[in-house]
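Dear colleague,

I am handing over the structure we spoke of, and below it you will find my notes on what turned up. Please read them alongside the coordinates.

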Amino acid sequence: MLKRVPRWAKLIGVVVVLVGLALIPGRAKQQLEVAKEFELTPIVKLPHVGPVDLSINKAVVYLWIATAVIAVAALVINRTLKARPGRFQLAMEGLFELARNGIVGSVMKSGADTWFPYIGAAFVFVLVSNVIGLVPLPFAEHNQLGFYAATANLYVTLTLALFTFAFTHYAGIKKNGPVHYFKNWMPKGAPPVLREFIFVIHGVSEIFRLVSLSVRLFANMVAGHAILAVFFAMALIFQSYLAAAILQGGSAMIYLFEIFVAVIQAFIFAILSAVYIGGALEQEH
Amino acid sequence: MLNTQWGLMVWTLITFGISVAVLWKYAFGPLQRIIDQRRAQIGESMEAAEAARAEAARLLEEYKQTLAKVRAEAEEILERSHKAGDSAKAEILAEAKQQAERTVDKARAQIERDTRAALLEIKQQVADLTLLAAEKVAGKSLTDADHERLIQQALAELDFDELGMGSKG
Amino acid sequence: MDASAAKLLGAGLSMGLGAIGPGVGLGILIGKALEGIARQPEVSGDIRTNMFIGIGVTEAVALYAFVVALILIFVAK
């Protein structure tokens with residue numbers, strides 16, 4: 001039916017709607033504080049263990065949701081595994097093949113089978129956490145629907161990056177022996193003082209790998225969610241339905257881009273983990 | 001936003017650990033197994049298809065050879081039958097010729113015999129006529145000695161060759 | 001200029017200036033990767049994987065600026 005309407009009529013319709021929206025006076029008085037979206041307040045208070053506050057907050061809930069989704073998917077896949085796959089199994093197999101061959105297989109030369117469980121699980125965990133962050137869940141202030149992601153917290157991503165960091169050096173030491181492994185941090189032909197200097201620089205770069213791995217994921221997720229939140233906040237600031245309509249269109253675009261970012265960041269996290277662990281295994285310089 | 005949250009790190013450790021364990025135990029192994037299984041199956045079926053193809057090619061080759069052999073045989077049979085026909089023809093022709101010749105010879109002999117008989121008859125009649133004529137001329141009967149002499153005389157004067165033996169020529 | 005204004009200004013500047021380099025770098029990186037894929041489509045899988053690794057490393061620079069901006073806004077006193 002819409003096909004018969006000429007283009008100019010559609011344009012006029014859009015303009016009329018926009019003008020109508022502009023004429024309706026905004027009545028929202030509420031302010032949305034972008035930074036508050038990322039603040040964690042305990043939902044269930046739990047006792048401290050030493051300096052560790054085990055209270056359940058928004059991020060913990062998101063982590064558990066991600067774990068539950070992964071566990072349910074894994075159990076379902078395990079129960080319904082068939083030689084002739086259905087649609088769900090095909091999707092899971094595609095994801096598995098991407099992790100196994102696209103990430104681990106293409107980057108690591110040796111030890112792919114040994115380290116795949118960790119890297120594959122990290123990929124799936126980060127991917128699920130990122131994607132759950134794009135589903136509105138009622139954990140914002142006053143139990144409103146809101147966007148948050150477990151990976152939009154530096155300490156979650158830092159923990160994940162610490163796993164990679166620890167496994168990298170564990171793999172390197174186990175494969176090459178501790179002396180040999182750290183000796184390989186120094187170039188062989190360099191003069192004595194320079195050699196130690198390079199050793200220190202290498203150590204710093206290892207720390208920075210940890211930082212960049214965690215901060216990249218964290219900052220991407222925070223930036224995406226912050227931009228979405230800013231779009232919503234701007235609609236409230238302008239207090240106009242017209243601005244709200246336009247900004248909603250914009251935030252829809254951003255949302256689509258965020259889906260892409262969520263997948264790409266999980267991919268990059270896993271592939272860099274594979275590169276680091278593979279690099280520690282294949283020392284040659 | 002950036003202040004240290006040890007509790008969250010512990011929770012991440014726990015949840016991520018559970019995820020790794022669950023995925024490792026329930027998802028990755030079985031998925032890998034079923035994908036390998038399927039790959040092996042595909043390989044097997046491809047091998048089977050390859051074998052079937054080779055078999056088909058072999059059969060085709062065999063049929064071709066058989067066909068060629070059969071064709072050669074048929075040609076040989078045809079050739080042989082041609083030859084047999086030719087020889088039969090020649091035989092028949094030769095026999096027919098022989099038979100014709102024999103028939104002709106027989107006919108010729110018959111003719112000769114007939115001619116001889118006819119000649120003998122003619123001789124007889126001529127002798128009788130001569131005798132009759134001589135009796136009439138002499139007006140009296142002749143003796144047997146006279147008869148014989150007269151007949152021999154008349155016959156000596158006649159050239160029998162012109163009467164029929166000329167055809168034998 | 002009071003301290004909070006300087007903090008906000010510094011955060012904005014840090015993010016804005018910090019995004020220039022990675023932006024140019026990402027452009028060059030992806031452009032070259034596409035060139036490579038166009039020239040040799042048969043190794044596009046490898047190129048794409050390495051492109052993503054490069055994107056990750058390059059992008060981290062902009063994200064450091066982002067984190068500095070966050071620190072300036074929320075942490076710096």
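In helix α5 of chain A, the residues L154(A), T157(A), L158(A), A161(A), L162(A), T164(A), F165(A) and H169(A) meet E206(A), I207(A), L210(A), L213(A), S214(A), V215(A), L217(A) and F218(A) of α7(A), where contact means heavy atoms within 4.5 Å and helices are DSSP runs of H or I with at least four residues, numbered from the N terminus. By class, this contact of α5(A) with α7(A) has 11 nonpolar, four polar and one charged residues, counting Ala, Val, Leu, Ile, Met, Phe, Trp, Tyr, Cys and Pro as nonpolar, Asp, Glu, Lys and Arg as charged, and the others, Gly among them, as polar. The helices themselves, α5 (residues 154–176) and α7 (residues 192–238) of chain A, pack at an angle of about 145 degrees with their axes 8 Å apart; axes are lines fitted to C-alpha atoms over the stretch in contact, and angles run from 0 to 180 degrees between N-to-C directions. Their crossing is right-handed, that is, the near helix is turned clockwise from the far one by less than a right angle.

The model is predicted, so local features need pLDDT of at least 70 and side-chain atom pairs pLDDT 80 or more, whereas totals for chains, interfaces and linings use all residues. Residues are numbered from 1 along each chain as its sequence is written, chains are lettered from A and ligands numbered from 1 in the order in which they are written, and side-chain values use heavy atoms, leaving out hydrogens and water.

The crossing of α4(A) and α8(A) is right-handed, and their contact has 17 nonpolar, three polar and no charged residues.

Between the chains, 50 residues of chain A are in contact with 32 residues of chain B. The area buried there is about 3600 Å², with 78% from carbon and sulfur atoms; buried area is the accessible area (1.4 Å probe) that two parts lose on being put together, summed over both. W64(A), F96(A) and Y155(A) supply 17% of the area that chain A buries against chain B, more than any other three residues.

Two salt bridges are found across this interface, each a side-chain nitrogen of Lys or Arg within 4 Å of a carboxyl oxygen of Asp or Glu. R39(B) forms a salt bridge with E97(A), the closest N and O atoms being 3.6 Å apart.

How values were computed: Helix = DSSP H or I, 4+ residues; strand = E, 2+ residues; numbered from the N terminus.
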